[in-house]
Structure formats: C-alpha cells, structure tokens
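Please keep the viewer open while following this tour.

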Amino acid sequence: MEEDAETRKISSSFLRDHSYATEADIISTVEFNHTGELLATGDKGGRVVIFQREQESKNQPHRRGEYNVYSTFQSHEPEFDYLKSLEIEEKINKIRWLPQQNAAYFLLSTNDKTVKLWKVSERDKRPEGYNLKDEDGRLRDPSMITVLRVPVLRPMDLMVEATPRRVFANAHTYHINSISVNSDYETYMSADDLRINLWNFEITNQSFNIVDIKPANMEELTEVITAAEFHPHHCNTFVYSSSKGTIRLCDMRTAALCDRHAKFFEEPEDPSNRSFFSEIISSISDVKFSHSGRYIMTRDYLTVKVWDLNMENRPIETYQVHDYLRSKLCSLYENDCIFDKFECVWNGSDSVIMTGSYNNFFRMFDRNTKRDVTLEASRENSKPRAILKPRKVCVGGKRRKDEISVDSLDFSKKILHTAWHPSENIIAVAATNNLYIFQDKVN
Amino acid sequence: MGEEEGLHQTPFLDTMFVRGLKRKCFDGEEDIEGTLAGIKAIPSYNLQRQSLLDMSLVKLQLCHMLVEPNLCRSVLIANTVRQIQEEMTQDGTWQMINTQSTGQASLDRLVSTDILCRSSRDHQAEGKHGPAYGTFNKDFESDQAQDNSETMSTASAVQTPRNLQSNVWEMESPQENKGNFQKSLDQIFETLENKSPNTVEDLFSEVDNSYYDLDTMLTGMMSNTKMGHCDSLETFSSPTNTASNSNCKSDLNDLDHIVEILVES
C-alpha cells in the first residue's frame with residue numbers, strides 16, 4: 001500500500017464526547033466533497049455535521065490540514081405518517097455533495113422517505129444603514145426619515161448558514177437506500193427497496209420512475225434493490241445492485257423505464273460453499289463506480305468484488321474482508337448481524353479499496369500489490385498523531401501475541417461507513433458515534 | 001387469554017416444535033434413500049435445518065409485527081425459509097411432517113407458498129377464526145398439563161405456519177395487515193405497542209427467551225466446538241423420549257378436527 005497504511009497517522013479524531021453519547025449520535029453516513037476540503041457526516045438524530053480542512057500553516061508543519069467543525073444543522077426531523085400510522089425516522093441514510101459552482105456549497109441529504117437539498121454558505125459581512133429600517137430591522141417612522149443614506153457592508157464574525165433549498169418528498173413508498181448525483185449536474189436519482197426515481201434539482205413536485213421491480217403481486221417478491229449509483233461520466237448510465245448479489249447496468253437512452261438492463265453482472269455460485277446462508281451473504285450492500293468509470297466495486301457480507309464493466313460473468317478481483325466469519329454465519333444470522341450493510345470506497349486513483357468490518361476493524365486492499373491490511377479505529381489504542389498498527393485476527397490454531405481470536409471480536413462495534421479523500425490519502429472512518437480521520441504519515 | 005399468556009406462548013411453541021420434529025427426523029432417516037448427500041443424512045443436519053427454519057419463522061413473525069419492516073431483511077429471511085422448505089420437500093422430511101401431523105392434509109396446504117405468500121384478502125377471511133384459535137390454545141394448554149408433549153409438537157407444527165401471516169412486506173396496506181393478526185399475535189403486539197419497539201432485538205428480548213436458548217445450542221453445533229453432536233442431540237431429545245407413538249395417534253384425530261376447522265373454514 002503506498003506509504004503503507006500502517007504508518008498512517010491520526011490527525012484528528014473524536015468529534016463528540018462519548019460519555020453521554022446516545023443512539024442519535026450514531027453516525028450513519030460519511031462523505032467528502034469533490035475537492036476534499038469538506039467532510040460531511042449524518043447521524044441517526046437527523047443532524048448533518050460538516051468539517052472543513054484548515055489551511056496548512058508554515059509555522060506548524062506537523063499540522064497538515066486538520067478537519068474542524070464548520071457547520072452543524074438539523075437536516076431531518078422525526079415525522080409521523082398519519083395515513084400509515086407510522087413514524088418516519090430522522091436518521092440520515094445518505095449524503096451526496098453537488099459539485100461546487102459558486103461560493104456556496106450544496107449537498108443532498110436523505111432519510112427513509114425525503115431528500116433535501118441544502119445550501120451551506122458563509123457570511124462575514126452585513127449591510128448597515130438602511131433607509132427604511134433601523135439597526136434592529138424595525139420599520140422606521142416615515143416622518144423621521146429626513147436624509148437619504150447609502151447602505152454599507154461592514155465586516156462581522158464569520159457565520160456559516162445552512163438553508164434548505166428544496167425538499168423532494170412523497171415519491172418513495174419504501175426506504176430510500178441510495179441517492180446519486182448525475183454527471184449532468186441537473187438531475188439525481190433516489191433508490192428505495194423496489195424503485196428508482198429520477199429528479200431534476202429544480203423540480204420538487206414530480207420525479208420520473210426509472211426502475212420499478214415491484215411485482216404486481218407482492219407475494220412473489222424475492223428480490224430488492226440494495227444500492228444504486230450513476231456512472232461518473234456518462235449521464236445516461238447507472239447501476240443498481242440487488243439482494244440476490246447481482247448488478248444491473250441500465251442505459252436511460254433505451255427507454256424511459258429501464259426495466260430491461262443493458263448489462264447484468266453475476267458470478268456463478270461456488271457449489272462447494274453452498275449453504276442456507278448463501279443468498280443472504282451474497283446480497284450486495286453497496287455499489288460504487290471507480291473514479292475512472294471503468295470498474296464497479298460491490299460489497300457483500302464477506303467480500304469486496306471489483307467488476308470490469310466489460311465483463312459480466314465474473315468479477316475481476318475478489319477480496320476476502322473477514323472470511324473467518326464463514327463458520328459463524330448461524331450466530332450472525334441469529335443476532336441479525338448478517339444483515340449489516342457495509343459500504344466500500346475507492347481511493348482517489350482507484351488503486352486501493354477500503355471497507356469496514358467488526359470490532360472497529362476496517363480493511364484496505366491494494367489492487368496492484370495485492371497486499372491487504374486490517375486497521376482498528378478505536379479510542380483505546382489511538383491518540384492524535386499516533387501510528388496505527390495493523391491488526392490480525394487469529395483463525396484456528398495457536399493465537400500469537402497481538403492477535404485477536406475470532407471468538408473475542410465485538411460484533412456491536414462495526415464500521416459500516418467510510419470515506420476516502422478524492423485526491424489525497426486521508427480517510428474518514430465512522431465507528432458508531434466516533435469519527436476518525438487518518439492520513440498518511442508526514443514525510 | 002391474558003397478555004401474559006400471549007407473551008409466553010411463542011417460545012413455548014417453538015421449543016415444542018423442535019422437540020417433536022426431531023424425533024420424526026430420526027424416524028424418517030431409515031426411509032431416506034441414497035439420493036441425499038452423506039452429510040444431509042446425519043440427524044444433526046436435519047436438526048440444524050429445522051432449528052434454522054424455526055429461527056427464521058420467528059424472525060418473520062417479528063418482522064410482521066412492525067408496520068414497516070426492513071424489506072431487504074424480510075425478503076432474505078423469507079427466501080431462506082422457502083429454500084429450507086424446498087429442500088425438506090425434496091428429501092421427504094416435509095411430507096413426513098405433514099402426514100404425521102395432519103393425517104391426510106395435502107402438502108400444498110402448509111408448504112412455503114402458503115405460509116409465505118398469503119394475500120391480504122386471505123388475512124381478512126382469517127380474522128373470523130379468532131375465537132376458534134383461542135379455543136385451540138386452551139386445548140393446547142390442557143394438553144400441556146397432561147404432559148403429552150407429542151400432541152403439542154404436532155399441534156405446533158400446524159400452528160406455527162398459521163401464525164405466520166406472512167406477506168410481511170406489503171407495506172402499502174399496513175393497516176389491513178395489522179387488523180388481521182391472529183389473536184395471540186395481537187396480544188403480543190398490544191403489549192409491545194406501548195413500548196414502541198424500535199429494534200427487533202427489543203422484540204426478541206420481550207417475547208422470546210427460550211428461543212435464544214435454542215439458538216445457543218444450535219450455534220454450538222454449527223461451529224462444532226463447544227458441544228458435540230451427540231450431546232446436543234440428547235439435550236434436544238430427552239423430553240420427547242418419554243412420549244410414545246400411541247399417545248400421538250390417539251390425539252391425532254382430535255387434532256385433525258381442529259386443524260380442519262382452521263384450514264378449511
């Protein structure tokens with residue numbers, strides 16, 4: 001791994017204090033913007049926290065652009081659907097940044113049902129000296145206005161404002177699992193368990209349904225959509241993954257409703273590994289195009305796979321994330337961990353991939369050298385600027401020093417969400433209610 | 001039936017279900033032809049499969065209590081159940097259970113499609129069976145008093161699928177579904193409603209303790225570490241060893257009657 005993952009240093013960590021952490025503080029999504037200057041997290045409490053990388057300073061060369069809180073706002077509130085008599089959670093399922101086009105930043109955030117477009121902008125000046133209003137904004141008595149003044153802008157403390165610009169609601173019956181901004185920057189899609197909708201950023205009261213796999217008779221339902229994403233360069237192309245471990249690539253030019261896929265990626269099942277859990281563990285929890293647009297990466301319960309868009313019958317690379325769990329599938333089914341949705345990310349050059357595991361472990365795979373490493377994101381063994389030690393899980397036989405046995409893994413500590421800076425080796429790892437930011441060693 | 005009873009019914013049924021069926025799996029084994037892979041013929045495989053089936057049915061049942069369950073999870077569990085039942089149908093285990101438990105009841109009455117794919121119209125029709133079901137449960141409890149475990153297992157084999165008002169993911173008509181829970185489920189649901197269960201784990205902890213005991217054993221067997229097959233089998237089988245076949249037969253007629261009421265009307 002370039003620069004070696006084990007030499008990564010922690011540049012900042014621990015966003016919140018955890019003595020009073022609650023369920024609402026659990027981070028549910030992490031996303032860098034397109035420049036990597038900002039990092040957004042969403043949590044189960046419906047909040048979005050944005051971090052900004054500080055400017056590098058010459059006097060403190062060891063501080064290499066740490067991330068500090070830039071803005072915090074409540075994106076979604078808990079709601080109640082009176083028709084269905086059900087609560088809609090405020091949990092942020094996904095955040096996606098729009099490419100920056102002016103001084104303001106825009107991002108999409110979604111919970112189970114509603115997508116919102118937020119504008120995050122700075123204000124460091126305020127106008128003073130209005131004619132009709134006084135300093136507090138109250139209208140002045142017209143008879144008191146005797147002179148004409150020219151309002152002026154005066155500097156003030158920097159303020160970051162987040163304002164909701166659009167609310168895209170009422171289009172999803174099932175739970176939204178993905179949103180993806182199209183490379184035309186005018187549209188985006190939102191996918192739920194059974195349907196994918198296409199939206200224009202300017203229009204909130206209608207969307208086009210581009211995929212619908214809901215059977216006429218719900219009794220026949222055996223497959224759901226688990227994730228979806230637009231191609232990074234071709235605005236007509238998108239992929240979606242399913243609970244049966246398959247990926248469909250669709251071309252929106254062929255028909256308005258993309259019920260028929262253009263490509264169908266599926267790996268034949270290995271008969272030697274067949275069990276009752278085969279289908280569950282092959283269910284895809286995340287799908288991501290490489291930055292180049294040539295490859296797709298998918299994450300299922302035990303592996304990460306890289307597919308070449310030009311080869312549909314099998315992945316070109318398969319990486320074992322935690323194969324030692326294969327013998328534990330029954331317990332993992334029993335305690336529902338087998339349904340955990342791990343995500344996966346590419347590094348900026350598509351040469352390394354990263355995904356999470358249990359026990360606060362996360363894994364990196366170098367596609368060129370085929371080296372892999374297991375790292376741990378935890379408070380106990382990481383202090384600011386400490387070097388991360390690779391961890392090893394012991395599989396059978398004698399346990400060596402520094403190894404951890406499969407039986408002592410903590411399945412309540414799982415790393416589901418990670419993000420990789422678009423151009424540098426900086427990663428963000430969400431471990432329950434903590435966010436860790438690691439970067440390559442300086443020098 | 002009070003809320004208390006409602007709460008305890010499910011675990012009780014599950015335990016009995018497994019115990020009774022285990023004995024049948026044993027019986028059936030001599031009949032199974034060489035069509036099965038070697039591994040599948042050993043009793044522990046059948047036992048594991050049965051336990052997995054039970055576990056899945058309970059999970060589905062709990063999914064169904066939620067107005068808007070995690071669809072992906074529900075579908076995956078339901079597919080697992082289908083797969084198990086398909087396999088059991090193929091190797092004859094399923095048929096055996098059916099023949100033994102309901103006499104002449106035809107296979108398709110209780111197999112996966114019936115359990116998993118019930119339309120909401122059927123649910124409404126079933127609403128009428130509430131009282132009959134209640135009676136059934138009372139009979140059931142008195143059976144328990146007589147320590148007739150064989151009857152109980154037979155009854156539960158029928159009953160578990162009936163409880164499983166599947167169609168778990170028909171979210172677009174949640175009210176309809178909700179109105180059609182069977183009586184005991186309703187009671188469980190009412191009890192839980194006040195506590196607004198957020199996670200399935202919550203539900204499990206409220207409803208179903210003995211279920212977990214079962215799983216612990218199953219897990220032990222799967223990993224082949226803590227418990228040898230024989231040990232675990234003995235744990236499973238000891239209660240049923242006392243029940244004889246004749247006991248079973250004598251009660252089957254009554255049961256058939258009850259089952260017919262439940263299934264036909």
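Predicted model: local features only at pLDDT ≥ 70, side-chain atom pairs only at ≥ 80, totals over all residues.

Among the contacts of chain B between residues at least 6 apart in sequence, 76% join residues at least 24 apart.

Next, select chain A, where the secondary structure consists of 2 helices and 32 strands. Chain A has 443 residues, and 54% of them count as buried. Its accessible surface is about 20500 Å², and carbon and sulfur atoms account for 49% of this surface.

Now display the largest nonpolar core, a set of 45 residues. The residues with the most contacts inside this core are A:Phe277, A:Tyr301, A:Leu325, A:Leu332, A:Tyr333, A:Ile338 and A:Leu409. Two or more residues come from each of α1 (278–282) and α2 (329–334) in chain A, and from each of α3 (43–65) and α4 (71–90) in chain B. The greatest contribution is that of α4(B), with 9 residues.

Centre the view on A:Tyr301. Beyond its neighbours within four places in sequence, A:Tyr301 contacts A:Ile281, A:Ser283, A:His322, A:Leu325, A:Leu329, A:Leu332, A:Cys337, A:Ile338, A:Asp340, A:Phe342 and A:Tyr358.

Finally, select A:Phe362, A:Leu388, A:Ile415 and A:Trp420, which are among the 16 residues of another core, apart from the largest one.

Definitions and conventions. Residues numbered from 1 in each chain as written. Chains lettered and ligands numbered in written order. Heavy atoms only, no water. Helix = DSSP H or I, 4+ residues; strand = E, 2+ residues; numbered from the N terminus. Buried < 20%, exposed > 50% of the residue type's maximum accessible area, 1.4 Å probe, protein only. Areas by Shrake-Rupley, 256 points an atom, 1.4 Å probe, with all protein chains shown as cover. Contact = heavy atoms within 4.5 Å. Core = buried A, V, L, I, M, F, W, Y, C linked by side-chain atoms within 4.5 Å.
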